[in-house]
Amino acid sequence: MIASVFAKELRRLDLLSAAKNESAKNITISVHRNHAFEAVASVLNAFLNFAGLEAKFLYSAYDDSLTFSELTNGDLHLIYLDLARYKTNDIGAFLNERAAMLRSKTASPILIVVLDDQNPIDSQFDVSDCFVFSIAPIINELGESAYDLAKESYSGSRLSNKAALEIARYLGLKLIPALILTPLKAIVCDLDNTLYQGVLGEDGADNLAPNLALQKEIKRLKESGFLIALASKNEESDARQMFEKRSDFLLTFDDFAATEINWNSKRENIINIAKTLNIGIDAMLFIDDNPAEIQNVESVGIKTILAADEESALRQLKLYPGLMKLQISAEDALRTKDTQANQERVRLAREYSQKEYFEKLGVTLRFCVNNREQIARVSELFGKTNQFILTYKRYNKSEVKAFMESPKSCIITIAMSDNLSDSGIIAILAASKKDEALELDEMTVSCRALGRNIENIALPFMFDLAAKRLKTKNEIIVNYKKGERNAPALAYLATLTDQTLLEVGSFVYSIPKAINVEGIEITIE
């Protein structure tokens with residue numbers, strides 16, 4: 001499957017004959033279009049299968065006016081338009097109004113994919129969970145081969161088969177996984193013959209040829225909020241000196257949030273990197289030029305790219321599912337420094353009492369109740385957290401907004417900072433009032449914040465804030481569901497109850513009347 005979906009030249013027959021991913025998650029996509037989408041849809045599942053999805057398509061009638069008169073509610077609404085068929089001068093305003101109308105009928109994400117080579121959009125969209133993408137860059141890359149006007153009268157589109165395949169690839173590997181699936185969190189890189197051509201230990205730092213295009217893309221991903229790490233069989237001192245010496249490299253040693261540079265197996269080093277970053281191994285992507293190393297590490301569940309050459313590695317990295325961010329948050333820029341500072345926090349925690357630890361670090365917790373400016377970050381954290389999450393409710397922005405606006409529910413966030421770094425928002429609670437009781441609908445904590453001795457203080461503090469906000473009894477109904485990776489959350493819940501936790505269940509927790517916050521500076525907004 002890898003060869004066919006990442007091929008330089010896509011072939012419809014190869015995609016149609018690709019083995020089906022039997023464990024893929026089934027989704028339904030409601031398609032609203034004014035030109036034919038069927039040529040794209042016919043091969044789309046080949047790409048979605050690689051990402052772990054299998055789609056069923058529900059088509060509305062061809063409709064330039066987008067009346068949504070026969071609305072079928074899917075997991076995703078895809079609006080596929082050729083804007084050359086419109087004569088209005090303000091197509092952006094028209095689409096914004098139609099998207100708002102569709103939003104009034106559904107809470108599912110809306111993806112608008114437009115062919116705007118003759119009528120470019122320049123308007124800003126203000127509809128929540130609505131994302132607009134132009135396929136003009138794909139069309140421009142293909143040039144004249146993007147069109148097949150001779151077949152338009154019966155194919156229903158002026159686009160060629162070649163364009164349909166590339167659009168399917170972009171939708172199936174990039175856009176739809178970005179809307180439906182949890183994103184990856186880290187990219188682990190080999191050094192020799194991956195970030196550069198040559199072997200450091202044999203050729204020396206001066207004689208290595210940097211793979212600058214690949215380094216540039218990895219740097220871009222790091223700046224988008226993905227953690228990057230190194231797993232290499234080299235001497236660490238040599239690697240450090242190489243990065244210091246090679247000013248022409250685009251990556252620096254400080255860019256990497258974790259490094260395992262030694263002669264241990266890559267498998268062992270990847271396990272250690274996952275522990276250092278406090279993330280699951282299946283949330284990481286490993287890039288290496290050695291097929292044997294790739295085969296060896298795949299047994300631990302990490303996703304991989306074989307860097308046979310820079311061009312193919314770069315193509316796979318640019319298309320790989322889980323590496324597209326639809327929005328960049330302030331926390332994305334803080335992630336690497338915050339993760340690197342954790343080693344110092346661990347040292348201080350060993351040496352001092354809890355109160356002294358918080359005072360030495362200068363820990364500040366900022367609690368916000370129903371802060372609408374945080375809707376995007378709240379939805380992002382609900383969507384991507386796997387380890388500390390209670391019920392896997394992936395609230396989108398529309399649902400978060402509804403929580404904030406209802407008098408019977410609330411969203412509380414915690415932003416944390418200390419003398420070492422600013423962590424941004426690290427925990428979120430969604431709670432509602434049921435009669436006189438407080439019910440915990442969902443709660444999540446960022447993996448970067450776990451192990452900083454704040455769970456037993458900050459989370460009960462959020463419960464207390466929610467009870468006061470919603471004027472409920474001073475106890476909370478905690479809902480939970482066991483998942484593949486939320487053991488840290490379940491371990492925390494086990495400290496709140498004497499009950500044995502089931503696969504799915506709930507229990508009542510009495511909120512402490514006094515919470516010890518000694519050493520921590522707290523603000524509430």
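Modeller: A residue is termed buried under 20% relative accessible area, exposed over 50% and partly exposed in between, with a 1.4 Å probe and protein chains only. This is a predicted model, in which local features need pLDDT of at least 70 and side-chain atom pairs count only at pLDDT 80 or more, while totals for chains, interfaces and linings use all residues. Residues are numbered from 1 along each chain as its sequence is written, and side-chain values use heavy atoms, with hydrogens and water left out.

Biologist: What percentage of the protein chain is buried?

Modeller: Of the 525 residues in the protein chain, 55% are buried.

Biologist: How many helices and strands are there?

Modeller: The protein chain contains 19 helices and 19 strands. These are DSSP runs numbered from the N terminus, with helices (H or I) of at least four residues and strands (E) of at least two.

Biologist: Why is the chain called as compact as a globular protein of that length?

Modeller: Its radius of gyration is 25 Å, close to the 24 Å from the globule rule for 525 residues, so the protein chain is as compact as a globular protein of that length. The radius is taken over C-alpha atoms, and the rule is 2.2 Å times the number of residues to the power 0.38.

Biologist: Which residues touch the most other members of the largest nonpolar core?

Modeller: They are Phe37, Leu111, Leu171 and Ile176, in a core of 77 residues. Helix H7 (residues 161-180) gives the largest share of this core, ten residues. Apart from it lies another core of 48 residues, including Val369 and Phe461. Such a core is a set of buried Ala, Val, Leu, Ile, Met, Phe, Trp, Tyr and Cys residues joined through side-chain atoms within 4.5 Å.

Biologist: And what does Leu111 touch?

Modeller: Leaving aside residues up to four places away in sequence, the contacts of Leu111 (heavy atoms within 4.5 Å) include Leu76, Phe131, Leu171 and Ile176.

Biologist: Changing topic, is Asn211 buried or exposed?

Modeller: Asn211 counts as buried because its relative accessibility is 5%. Asn211 sits in the loop between strand E8 (209-210) and helix H9 (212-223). Beyond four places in sequence, Asn211 touches Thr194, Leu195, Tyr196, Gln197 and Glu310.

Biologist: Where is Asn290 found?

Modeller: Asn290 is in the loop between strand E11 (284-288) and helix H12 (291-297). With 31% relative accessibility, Asn290 counts as partly exposed. Asn290 and Ala308 are 18 residues apart in sequence, and their C-alpha atoms are 7.8 Å apart in space.
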